[in-house]
Amino acid sequence: MRILSYNLWHGLSPTSLVLFKELEPRTRRELREIAQCELIRSLKPDFSFFQEVNPVATRAPKLRAYIEGQVEFHPDLVGAKFLGVGVPINLNSGQAILSGRKWPLKGLGAFSLDSDRSGFVSKMASWQVREQRYALFAESIFPGVGRVLLVNTHLHHGLEDTLELRLELEALIKELGLSENVHDELILRLQKGNERRLREWEVLQNQIERHSARASAVVMAGDFNASPTVKGGLIEKITDAGFKDLWSWARPSEPGFTFDGVANEANHRLQDDFPSTMTWDDLTFDNGIREKLAALVKKHEARQRRIDYVFVRANSSLKSVQAELIGKPVDGLAPSDHFGVLVDIDFEGALK
């Protein structure tokens with residue numbers, strides 16, 4: 001079974017409620033999208049999981065044509081729309097699951113991962129006043145494995161609370177002589193991203209358990225916006241639930257950075273002005289303090305990390321797993337700001 005997970009990058013910045021800023025010239029984005037399609041066709045995946053497909057209603061069928069299979073898609077970040085019309089004008093981003101032409105694909109729906117359900121998104125209409133996250137479910141039949149539950153997701157993108165960032169923030173707070181109250185407030189804000197992703201995982205896990213009873217295997221893939229090195233963090237929770245991180249299985253000694261501003265410099269440079277995921281506009285800091293805090297946050301938002309995954313939980317044992325990163329730059333142009341994860345799995349006893 002060949003599986004591809006790939007964040008295709010909508011290339012937009014939320015600078016206006018009406019029209020998001022395009023981070024690159026339109027002709028460059030079109031070249032990236034062509035490169036994505038050609039790359040996907042050359043890889044011939046059995047199942048593909050795409051995030052940030054924009055506009056999802058028209059791009060998903062185009063991707064399907066390159067794979068010559070079936071597609072299920074659903075919008076997730078779109079704003080306020082009715083029949084595709086609304087604001088932001090140029091944002092209608094979503095997720096797609098595609099199967100190769102040999103394998104049937106049955107959609108099971110998309111599920112909000114927000115516990116408070118403050119908005120809604122459907123193919124017909126949506127109402128979002130803030131970021132919402134979704135998971136898209138489908139199922140297929142694969143020879144020698146049986147029924148496979150397919151789960152695609154893209155979790156909250158807020159700043160990740162890592163040990164390295166925590167230590168540097170503590171040192172900076174001490175250097176700046178900030179009060180204990182300000183210290184506590186900054187730490188609370190730092191923790192919010194991790195906490196929200198864990199809440200999203202709880203909702204997602206419940207949905208998986210509801211739909212996996214008759215499945216011989218669950219394949220879950222996507223952009224989790226969390227690195228595997230955080231002790232007690234999201235990825236550890238997922239593996240504790242019985243899921244195997246296939247990159248770690250196949251290449252345990254390699255970091256496998258999928259978000260990498262060193263190897264993918266041109267695309268990451270375009271995001272220099274992207275709004276920070278941690279703000280303190282309501283706190284009374286002078287400009288010098290703001291600049292130092294902003295520099296620290298920007299450094300960690302831009303750090304190399306692995307945040308895109310393919311997970312499997314199966315009744316059958318895994319006989320072998322191979323994994324590689326795809327979408328590296330060619331002549332300076334990479335198809336996305338992420339590298340995709342391509343995995344080949346042989347299940348014990350599975351038929352070819």
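**Exercise 1. Describe how strand E4 pairs with strand E8 (residues 93-99), and state how far E4 is covered.**

Solution. Begin with the pairing: E4 and E8 run antiparallel and are joined by five bridges. Two strands count as paired if DSSP finds at least two bridges between them; strands themselves are DSSP runs (E, at least two residues) and helices likewise (H or I, at least four), numbered from the N terminus. Within this pair, Ser-48 has Leu-98 of E8 as its bridge partner. Next, consider burial: seven of the seven residues of E4 (residues 47-53) are buried, that is, under 20% relative accessible area with a 1.4 Å probe, protein chains only.

The model is predicted, so local features need pLDDT of at least 70 and side-chain atom pairs pLDDT 80 or more, while totals for chains, interfaces and linings use all residues. Residues are numbered from 1 along each chain as its sequence is written, and side-chain values use heavy atoms, without hydrogens and water.

**Exercise 2. Which direction do E1 and E4 take relative to each other?**

Solution. Strand E1 (residues 2-7) and E4 run parallel, joined by five bridges. Tyr-6 stands opposite Phe-50 in E4.

**Exercise 3. Characterise the packing of helices H3 and H4.**

Solution. First, the axes of H3 (residues 163-176) and H4 (residues 180-211) come within 11 Å and cross at roughly 160°; axes are lines fitted to C-alpha atoms over the stretch in contact, with angles from 0 to 180 degrees between N-to-C directions. The two helices are therefore roughly antiparallel, the term for angles over 145 degrees. Finally, the contact (heavy atoms within 4.5 Å) brings H3 residues including Leu-165 and Ile-173 to H4 residues including His-183 and Leu-190.

Definitions and conventions: Parallel < 35°, antiparallel > 145°, perpendicular 65-115°, else oblique. Buried < 20%, exposed > 50% of the residue type's maximum accessible area, 1.4 Å probe, protein only.
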